[in-house]
Amino acid sequence: MLLNENELLNACEWLVQNGGPSIKYRTLTEILGLDINDSIVQETYKEILNSKRLKFISSRQKENGCFGEKSFHHGTDSGETYLRELFEMGVSPKHEVLHKGIEYAKVLHITKPESTSWITAVYLESIGRAGKSQLVLDWYREYSERFSLIYKNHREDWLIVKNGKPATYYLEIPFMYVIRTISNSWWWLKEYDDSSVAAILDFLLNDMAEVKDLYWIAPNRQLFAYSNFLHVIASNSISLRQPSVIDFIMSLEGLWLLAQFGIIEEYPNLKNVFSFISSKKNDDGLWEFPIDGVTKTKSSWHSYHGFSLEENWRKKESPIAELTFRVCLISERNRKSRGIKTKK
């Protein structure tokens with residue numbers, strides 16, 4: 001069940017009073033719908049600009065826009081991590097640090113074709129979040145066509161067997177990046193073409209959900225393995241047993257991305273997981289993590305499975321704000337969407 005109006009407003013009122021700058025800002029703009037030029041929104045955005053986290057990320061950026069000391073992709077101290085975190089914090093793409101970071105990703109996308117898969121994925125997600133982009137639109141149309149014509153009609157081409165179990169692999173961008181790019185661009189992308197995504201969602205939420213392990217082949221032919229959050233959701237492991245922290249956080253991120261398409265109540269697995277999470281409401285009408293061990297560490301909140309938006313988890317309100325905001329965001333995103341008609 002999605003939240004009713006009273007549940008949503010009660011939770012949002014608490015978030016505005018008790019959440020940190022990023023949660024407060026995104027509650028005001030993304031859930032309550034206030035204009036970014038509203039005085040309270042502007043005041044809250046200034047708090048984000050003055051936050052310790054933004055100052056730290058800024059300190060990790062070089063003059064050319066590069067972040068950190070190592071590669072663009074790997075680790076928490078990397079361009080991919082910081083770009084995604086800045087967006088999640090609510091930082092405007094016009095902000096100098098974020099703008100320079102996106103421009104650096106563009107340079108890598110153009111000049112390093114041998115490692116283009118990861119870089120292209122992050123670059124597409126970034127420019128799609130920032131605003132309308134013909135590059136993202138063209139990529140989206142091409143990718144949706146490939147899902148429809150190739151992967152769904154030639155299942156044997158993408159299924160392999162690893163240790164006796166079926167697994168999938170892609171020769172290009174890993175599918176989690178596909179979901180992130182389309183979902184985070186959907187606020188403008190749907191104006192151009194909201195039908196092509198049906199093939200992608202149908203493939204992911206039906207065929208792909210059957211597969212437990214994912215294998216991605218890099219341009220250098222190296223094989224990488226990673227877990228499939230869609231399988232975690234499909235298996236109902238969140239509601240049927242005590243899930244791991246990673247499984248819970250992966251599912252939570254998957255829900256807030258997929259909610260952009262208005263399909264949470266259309267697919268039983270998505271509906272069941274959200275119902276389980278949203279049922280964990282306390283007496284104050286807020287949400288607390290239903291599992292132990294969720295912390296601000298690399299093992300739970302990091303670049304692959306969302307970010308902690310609260311700077312100080314020593315406050316008892318912070319973990320409550322983190323989950324309450326996500327529950328409200330999922331519900332309101334799903335409600336606002338026109339929905340996507342997909343095959344059952």
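Guide: In this predicted model, local features need pLDDT of at least 70, side-chain atom pairs count only at pLDDT 80 or more, and totals for chains, interfaces and linings use all residues. Residues are numbered from 1 along each chain as its sequence is written, and side-chain values use heavy atoms, with hydrogens and water left out.

Visitor: Why is α5 described as largely enclosed?

Guide: A residue is buried when its relative accessible area is under 20% (exposed is over 50%, partly exposed in between; 1.4 Å probe, protein chains only). In α5, 11 of the 11 residues are buried, so the rest of the structure largely encloses this helix. Among them are G79, Y82, R84, F87 and M89. Just after α5, G90 has a positive phi of about 95 degrees.

Visitor: Which residues of α2 are buried?

Guide: They are S22, I23, K24, Y25, R26, T27, L28, T29 and I31. Helix α2 covers residues 21-31, and nine of its 11 residues are buried, so it too is largely enclosed by the rest of the structure.

Visitor: What do the buried residues of α2 pack against?

Guide: Packing is read from contacts, meaning heavy atoms within 4.5 Å. The partners are α1 (5-18), α3 (39-49), α5 (79-89) and α15 (317-336). Just after α2, G33 takes a positive phi of about 80 degrees.

Visitor: How many helices and strands does the chain have?

Guide: Helices (H or I, at least four residues) and strands (E, at least two) are DSSP runs, numbered from the N terminus. The chain has 15 helices and four strands. Of its 344 residues, 56% count as buried.
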